[in-house]
Amino acid sequence: MEKSKQAFFYEYGYYLFPATRTSLEELKKGGTVSVVRLKEEGCAAPEFLLGETETVALALRETDHIFGLRVDLYSREEYGGPPPRAELPPGVDMPAPFAVRCREFWRAQAAQEAELAAHCASGNTKKLNAAFSRIPLPFPGDVSVYGCLRDGRPALCLHAPPLRSALHTMFVNGLAAAADADMGAAGWQVLPYLSAGAAGDAAKKCPPFRFCPSREGGCLEILHPHAEKLTLKQKDAAASSVWLALCNAAGEDAVRSAAAGGIRFVRGAKRHGMSVEAAAALLGAAPRGDGVFPPFLSYAPAGRDALPFRERIASGVTRYEGMSDCGVGAAASSGAFWQSCGVLFAYLYVPRPAAGAERALDTLLWYLHHGKDPLAAEFLGAAEGQDRFFLDFLVTDTPFFRKLRAMAPVLHAFGARLVVLTGEGPLVFRCGFDLFPEGSILHQ
């Protein structure tokens, strides 16, 4: 047995230090070196078998990808086998993998695509929803499906009520729109949001409303003589009618971008409202930000101290609608919103290196998107402060945690912490070959 041997980690490979270079600084000069590669066969890093090695010529091109560590080498007789490692870190409970459930959902929908296509062609939204709802949704929620023909091909879009977050429906639509998805193979298009005309006969007469443009994000005002007395059910129905009519006229990307201020109910009479056509013209002329849908949203300034390490965020963006509300507020601290969607919200906190912060971020992203283990998460965006930065994820499957273990030398070198939001609140883990809860006696 050889304990605490000097080794390094490079692009998911483990190697002993060569005799010609005895420090990380010398390794990071780059070039090709002759090294002993340690194989993870019948063992698990940082413990290796003496007989499972080979000498290779290694070209060190991306020197920022080199990280040092200490390893133990065992003979086969000495080694007792790799330590058992739970799929999920302590305290984290995850439902059946969300991506798997979504694939099964769309596979079942693809099996009845002939009937769905007929309803899309006729524009009969009621019959389309009746057929579509035979297959249980992969997440709890109140959603509708709309269909139309685009360029001669049937198209579908799952759609959440406008007073609810659209994150989960856009996520499910995105999975169905993947190149290898069953709906695509059946000749369908699955839209991330409602395009103009996609609501079909559902875009009926709506209550009086007006659109109020603003540089900070316009809003839709629904007028009612007793607005303050409306029930949530009445507000949902009124907001959905206005939203569908506008999306059908201008497209949901235009509506969400121009009406980023949301929907509010105000006391008013019908004569103070505007027509759908007039509102759609204003929406089309309103500033559209960077033109990306879902729009890039800054992290909300209020409540940033509700989640671990996030009290010093200076800036940041995410690509999911609703993220600025759900990512840093009290609701997110419970994790209930994310778990109701069948996914987990998690983020990596990384202390900013004294030098080379941009290279550090590039290195982390490279490791997250390479290697044999899938990321099993949606990368939402990044935030930063003067002394830290964050990477945000929607975790869709348990291999996400296996991925973090596989890149343990990288995360350990950066001093990263993983924060997972659960139904009981946020959990903080030190990143290593095991994800231990912060404060564990193993790390005192």
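1. Which residue's side chain meets that of Arg359 in a salt bridge? Asp64 does, at 3.4 Å from N to O. Asp64 is partly exposed, at 31% relative accessibility. (Buried is under 20% relative accessible area, exposed over 50%, partly exposed in between, with a 1.4 Å probe and protein chains only.)

2. A word on the ground rules. This is a predicted model, where local features need pLDDT of at least 70 and side-chain atom pairs count only at pLDDT 80 or more, whereas totals for chains, interfaces and linings use all residues. Residues are numbered from 1 along each chain as its sequence is written, and side-chain values use heavy atoms, with hydrogens and water left out. Helices (H or I, at least four residues) and strands (E, at least two) are DSSP runs, numbered from the N terminus.

3. Back to the charges: there are 16 salt bridges in the structure. In one of them, Arg402 and Glu87 bring their closest N and O atoms to 2.7 Å. Arg402 is in helix 14 (residues 399–406) and Glu87 in the loop between strand 6 and helix 2 (98–110), so this pair ties together parts 315 residues apart in sequence. Arg402 is partly exposed at 34%, and Glu87 is partly exposed at 37%. Asp373 joins Glu87 and Arg402 in a network of salt bridges.

4. Have a look at Arg388 and Asp387 too, whose side chains meet in a salt bridge at 3.0 Å, N to O. Arg388 is buried, at 5% relative accessibility, but Asp387 is partly exposed, at 29%.

5. Now the rings. I'd point to the 20 aromatic pairs. (Rings of Phe, Tyr and Trp, the last by its six-membered ring, pair if their centres lie within 6.5 Å; planes under 30 degrees apart are stacked, over 60 edge-to-face, the rest tilted.) Phe393 and Phe400 make a tilted pair, because their planes are at 55 degrees, with the ring centres 5.3 Å apart. Phe393 is buried at 0%, and Phe400 is buried with 0% as well.

6. One aromatic cluster includes Phe9, Tyr12, Trp366 and Phe67. Over the ring of Phe67 sits the charged end of Lys28, 5.8 Å from the ring centre. (That label needs NZ of Lys or CZ of Arg within 6 Å of the centre and within 35 degrees of the ring normal.)

7. Helix 3 (residues 113–122) has Leu116, His119 and Cys120 as its buried residues. They lie on the same side of helix 3, because they cover an arc of only 105 degrees around the axis. (The arc is that of the directions from the helix axis to the C-beta atoms.) The face turned away from that buried side carries the exposed residues Ala114, Ala121 and Ser122. After helix 3 comes Gly123, with a positive phi near 75 degrees.

Key
A salt bridge is a side-chain nitrogen of Lys or Arg within 4 Å of a carboxyl oxygen of Asp or Glu.
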